[in-house]
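Hi,

Here is the structure I said I would pass on to you.

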Amino acid sequence: MTMNDPIWTGVGDLDNDLRILESQLASLRFNPTADFVEQPSPRTHRAWRWAALIVVGISAVATWCSLPDPVSWRLIPTTGETRVNGVGATTPARLYAGAAIQTGADGMSQLDVGSIGTVLIDRNTQLRLERGARQREHRLTMTSGRLLAQITAPPRMFVIETPAATAVDLGCAYELEYRDGHGFLHVTAGWVQLVRTGRDVRVPAGARCELTSSGPSVPYDPAAPIDWLNALRTLLDDPRNDDVLATVLRTARPRDTLTVFHLLEVVPDARRVDVVAAVRKHAEIPSDVDVAAILELDRTAMQSWWNDVRATWTRFPTDQP
């Protein structure tokens with residue numbers, strides 16, 4: 001047998017026995033398409049591994065979101081009508097994130113904030129319990145109404161969101177009201193921080209801060225002279241009124257230093273130097289802080305100055321001229 005034989009070349013006639021053998025072995029004939037399947041490249045293997053990891057990650061997030069909120073609340077209806085998720089509530093009940101609470105025209109309830117405090121819900125109030133952004137954070141949203149909160153906890157463990165600003169509890173007691181685009185915060189113990197789009201307003205015990213649909217105003221002493229308060233309100237309505245600004249700065253009491261400090265974020269850029277000069281009368285800028293940074297509202301510089309500014313609130317009593 002040579003390499004030119006028909007059994008190798010497939011050309012020519014085979015004898016009868018070889019023809020029968022070839023017919024019997026036809027099913028085993030080499031098929032290049034079926035016998036040589038291209039194997040996935042290392043890059044393909046990596047892609048499949050990443051896809052698997054993504055699927056596992058999505059599954060883990062979905063599982064976490066479906067778990068009950070570890071932070072619980074306890075609602076105690078006191079008078080009138082209170083509804084939870086549209087259903088009338090007449091007995092104490094434990095609630096979790098997602099619950100919507102609404103009191104009627106005659107309805108009032110108490111909300112126990114875990115073990116850190118209580119919130120009294122006034123009439124005609126609408127709020128929703130939210131999932132905290134971090135562990136043990138208690139958060140709720142009040143779209144309209146009035147609340148009285150008393151919290152004993154480390155700072156930033158209790159948060160109330162309103163259309164005007166987010167009220168961050170710094171360990172305190174306060175009254176918060178917001179209806180139809182207007183409201184106020186009145187702190188009776190500790191401090192509350194009001195935050196909205198870059199603004200940071202800190203309200204101490206004894207101070208009040210007005211709220212509008214455009215955000216929080218500035219903290220002030222309700223016991224301040226009425227003429228000064230009227231001038232302050234005029235300035236807040238028209239921050240570019242240089243004459244009113246001059247009056248507010250000239251007639252401010254030492255205790256009003258905290259209010260004047262917050263005016264830095266209200267007045268035009270060119271008038272900040274006047275505000276800084278007024279604040280420095282009672283709260284000197286630390287030696288390691290650049291005044292230019294204050295005028296630019298640098299957050300680090302402002303925070304460094306803040307410790308001396310906040311001390312003026314307690315250093316100068318409300319009845320001191």
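Below is what turned up, starting with a pocket and moving on to a pair of helices.

Keep in mind that this is a predicted model, so every value here was computed from it.

First, the pocket. The largest pocket holds about 440 Å³ of space. Its lining is made up of 21 residues, and if you want to find the centre, look for Glu210, Thr212, Pro216, Ser217 and Leu236, which lie nearest to it.

Which parts of the chain supply that lining? At least two residues each come from strand E13 (182-189), strand E16 (208-212), strand E17 (215-216) and helix H5 (226-237). H5 gives the largest share, with five residues. Sorted by class, the lining of the largest pocket has nine nonpolar, seven polar and five charged residues.

The crossing of H5 past H6 is left-handed.

Where do they touch? On the H5 side you will find Trp228, Ala231, Leu232, Thr234 and Leu235, and these meet Val244, Leu245, Thr247, Val248 and Thr251 in H6. By class, that contact has seven nonpolar residues, three polar ones and no charged ones.

Happy browsing!

Key
Residues are numbered from 1 along each chain as its sequence is written. This is a predicted model: local features need pLDDT of at least 70, side-chain atom pairs count only at pLDDT 80 or more; totals for chains, interfaces and linings use all residues. Side-chain values use heavy atoms; hydrogens and water are left out. On a 1 Å grid over the protein atoms alone, a cavity is a set of points where a 1.4 Å probe fits but cannot get out, and a pocket is an open set with protein on both sides within 12 Å along at least five of seven lines; lining residues have an atom within 4 Å of a point. Grid points are joined across faces, edges and corners, and a volume is the space filled by probe spheres set on the points. Helices (H or I, at least four residues) and strands (E, at least two) are DSSP runs, numbered from the N terminus. Ala, Val, Leu, Ile, Met, Phe, Trp, Tyr, Cys and Pro count as nonpolar, Asp, Glu, Lys and Arg as charged, and the others, Gly among them, as polar. A crossing is left-handed if the near helix is turned anticlockwise from the far one by less than a right angle, and right-handed if clockwise. Contact means heavy atoms within 4.5 Å.
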